[in-house]
Amino acid sequence: MQAAVAVSEGTRINLLEEKIAALESRLAEAEGRLPDDRVTLMIFSGDLDRVMSSFVIATGAAAMGQQVTMFFTFWGLSVVKKSSEFRDKSFPQTMMALLSPASSKSLPVSKMNYFGIGAAMLRKMLAKQNVFSLEDMLALARELGVRIIACEMSREVLGVHESEIMDGVECGGVATFLADSLRSRTSLFI
Amino acid sequence: MQAAVAVSEGTRINLLEEKIAALESRLAEAEGRLPDDRVTLMIFSGDLDRVMSSFVIATGAAAMGQQVTMFFTFWGLSVVKKSSEFRDKSFPQTMMALLSPASSKSLPVSKMNYFGIGAAMLRKMLAKQNVFSLEDMLALARELGVRIIACEMSREVLGVHESEIMDGVECGGVATFLADSLRSRTSLFI
Amino acid sequence: MQAAVAVSEGTRINLLEEKIAALESRLAEAEGRLPDDRVTLMIFSGDLDRVMSSFVIATGAAAMGQQVTMFFTFWGLSVVKKSSEFRDKSFPQTMMALLSPASSKSLPVSKMNYFGIGAAMLRKMLAKQNVFSLEDMLALARELGVRIIACEMSREVLGVHESEIMDGVECGGVATFLADSLRSRTSLFI
């Protein structure tokens, strides 16, 4: 059968070399399009229950070896605030600051908040089951190398100064979020 | 060493050819399973703050070269309504229409709405920071080629007639959403 | 031209064999990183409208041949509860149980609930359009092989006993959710 083949072995080898080069470049292209071991969360909510959930997912994913990004936007910005300042704010920005939590300590719950009783109750229930507090969760996330980003646009719209944001938290825009999210195995909007 | 090999060079080439053919088909299969440069958003919420966030993500992703699909369902349907009509609606559908925004212009905010004061305030705050209005965002999204879909099932359940939906918005079901979402790098439920 | 090549055909074949072996292992590695035909939903919300939406997506995806996981956490836990028991609950857990739906039958809607009128209205509107009820959706999901998981941590924090959870629903933690989610084409937080 071999004898019946008209092309020489040299020619066949040439062809194989070409095919392998093509395969190598196609595979490199495919590898570049694979998701990384990465999880990206956009935390829009500023409700204690939802925010806690985001930290359980974030620290869990980091413990499983994923690179995790948490992008805090709009109401979620309160989570990475250390205090509220009232200078250099427009009237609506001041109203917003007065009605929003000054820091993670005063986040409400999304249901049954009853002027903070619900939030206090939830914190107690979590502590009783030895679940970390929100503040400990945030510290743990940072220890585990979770990237914490405060949304630049939300900060500007709400008139939150950079000095109101926790130290060591970077500011970034939607392009920063997307750059991580597009390479992630799992992205969630919380 | 070469001399010690029992198989002929022709046989070795045959084997290589087979292996390469197998690799090519495996790679083609893998390529077919890679995510596209695609972002798919399901907008369930009809709250101005969440909807604005979805448009920031959608237009940002489109500007970064992703193909973007926005699927508006349930309360989100208000975003792609141009008006409310009250003919041919059942009693609960009429109630729903009366209590829901007639178009994107009257979306509430998810917190601190205070009968629309919160929404008006947020619109002012966005404008002051030169953020596009929701209506401009929608126009920009369409210019950037974002695919805008109104959920067929929500439309029927809520009794929203096709004539109440903005021109140029297609209607589709969950299969339409999933077809895009399953091929996306990032899918979010907002 | 062929004559000008210094290396023997045997050497060239050796080289090709090495390259193919390298390609095979790289491709196997890439294949292991591809997403499965899989959709994973975390249902945090206990609102009828959002939960219905999650079932439409879940059953739609299952019908399209995806392996689907629904992970019910926090308020979403009510969906997979068959009843409320009040023994062995702390005071806040009892309060929470009193104020939360005892089962899927009494889920509120996220807006315009008006002490249950909104939920009843929505159920009627869905039935009129021949959309399955929530309970039928859940049964359908299970028939289609959707994996239903109750969040272990939420169960413990809220003091919900295993005997309050529907039969045949497994309990699992965030690692269980992530194991499925990281291999999914689409993951949503609802």
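This is a predicted model: local features need pLDDT of at least 70, side-chain atom pairs count only at pLDDT 80 or more; totals for chains, interfaces and linings use all residues.
The backbone at C:Phe74 adopts a positive phi of about 45°, although the residue is not a glycine. Most residues other than glycine have a negative phi. C:Phe74 has 25 C-beta neighbours inside 10 Å and therefore counts as buried, the threshold being 20 or more.

A positive phi is also found at C:Asn130, where the value is near 60°, again in a residue other than glycine. C:Asn130 lies in the loop between α4 (117-128) and α5 (134-143) of chain C. With 7 other C-beta atoms within 10 Å, C:Asn130 is exposed, whereas C:Phe74 is buried.

The loop between β2 and α3 of chain C also holds C:Lys82, which counts as partly exposed with 14 C-beta neighbours inside 10 Å. The C-alpha atom of C:Lys82 is separated by 5.7 Å from that of C:Ile165, although the two residues are 83 residues apart along the chain. When neighbours within four places in sequence are left aside, the contacts of C:Lys82 are with C:Ser103, C:Glu164 and C:Met166.

Strands of a sheet pair through backbone hydrogen bonds, either parallel or antiparallel. In chain B, 5 strands form an open sheet in the order β4-β3-β2-β1-β5, and the pairing is parallel. The edge positions are taken by β4 (170-172) and β5 (186-189) of chain B, each of which pairs on one side only, and the twist from one strand to the next averages 25°.

The parallel pairing of β2(B) with β3(B) extends over 4 bridges, with B:Phe71 standing opposite B:Ile149 in β3(B). A further 3 bridges pair β3(B) with β4(B), also in the parallel sense, and here B:Ile149 stands opposite B:Glu170 in β4(B). Strand β3 (residues 147-151) of chain B has 4 of its 5 residues buried, so this strand is largely enclosed by the rest of the structure.

The nonpolar interior was examined next. In soluble globular proteins, nonpolar side chains tend to be buried together. The largest nonpolar core in the model comprises 153 residues, of which A:Met70, B:Met70 and C:Met70 touch the most other members. For B:Met70, residues up to four places away in sequence not being counted, the residues touched are B:Leu41, B:Ile43, B:Ser54, B:Ala58, B:Ala141, B:Val146, B:Ile148 and B:Ile149.

The relation between the chains was then considered. Two copies of a chain are related by a rotation about an axis and a shift along it. Chain A is superposed on chain B by a rotation of 120° with 0.0 Å of shift along the axis, at an RMSD of 0.0 Å; the two copies are thus related as by a three-fold rotation axis. Chain C, in turn, can be laid on chain A by a turn of 120° and a shift of 0.0 Å along the axis, with an RMSD of 0.0 Å.

Between chains A and B, 32 residues of chain A are in contact with 35 residues of chain B. On the side of chain A that touches chain B, two or more residues are given by each of α1 (9-33), α3 (91-99), α6 (152-157), α7 (174-181) and β5 (186-189) of chain A, and the largest share, 11 residues, comes from α1(A). By residue class, this side of chain A divides into 20 nonpolar, 6 polar and 6 charged residues.

The contact between chains C and A takes 32 residues from chain C and 34 residues from chain A. The elements of chain C that give two or more residues to its side of this contact are α1 (9-33), α3 (91-99), α6 (152-157), α7 (174-181) and β5 (186-189), with α1(C) providing the largest share, 11 residues. The side of chain C that touches chain A consists of 20 nonpolar, 6 polar and 6 charged residues.

Methods. Residues are numbered from 1 along each chain as its sequence is written. Chains are lettered from A and ligands numbered from 1 in the order in which they are written. Two residues are in contact if their C-beta atoms, placed from the backbone, lie within 7 Å. Ala, Val, Leu, Ile, Met, Phe, Trp, Tyr, Cys and Pro count as nonpolar, Asp, Glu, Lys and Arg as charged, and the others, Gly among them, as polar. Copies are superposed by least squares on the C-alpha atoms of residues with pLDDT of at least 70 in both. A residue is buried if 20 or more other C-beta atoms lie within 10 Å of its own, exposed if 12 or fewer, and partly exposed in between; C-beta atoms are placed from the backbone. Two strands pair if DSSP finds at least two bridges between them. Axes are lines fitted to C-alpha atoms, for helices over the stretch in contact, and angles run from 0 to 180 degrees between N-to-C directions. A nonpolar core is a set of buried Ala, Val, Leu, Ile, Met, Phe, Trp, Tyr and Cys residues joined through C-beta atoms within 7 Å.
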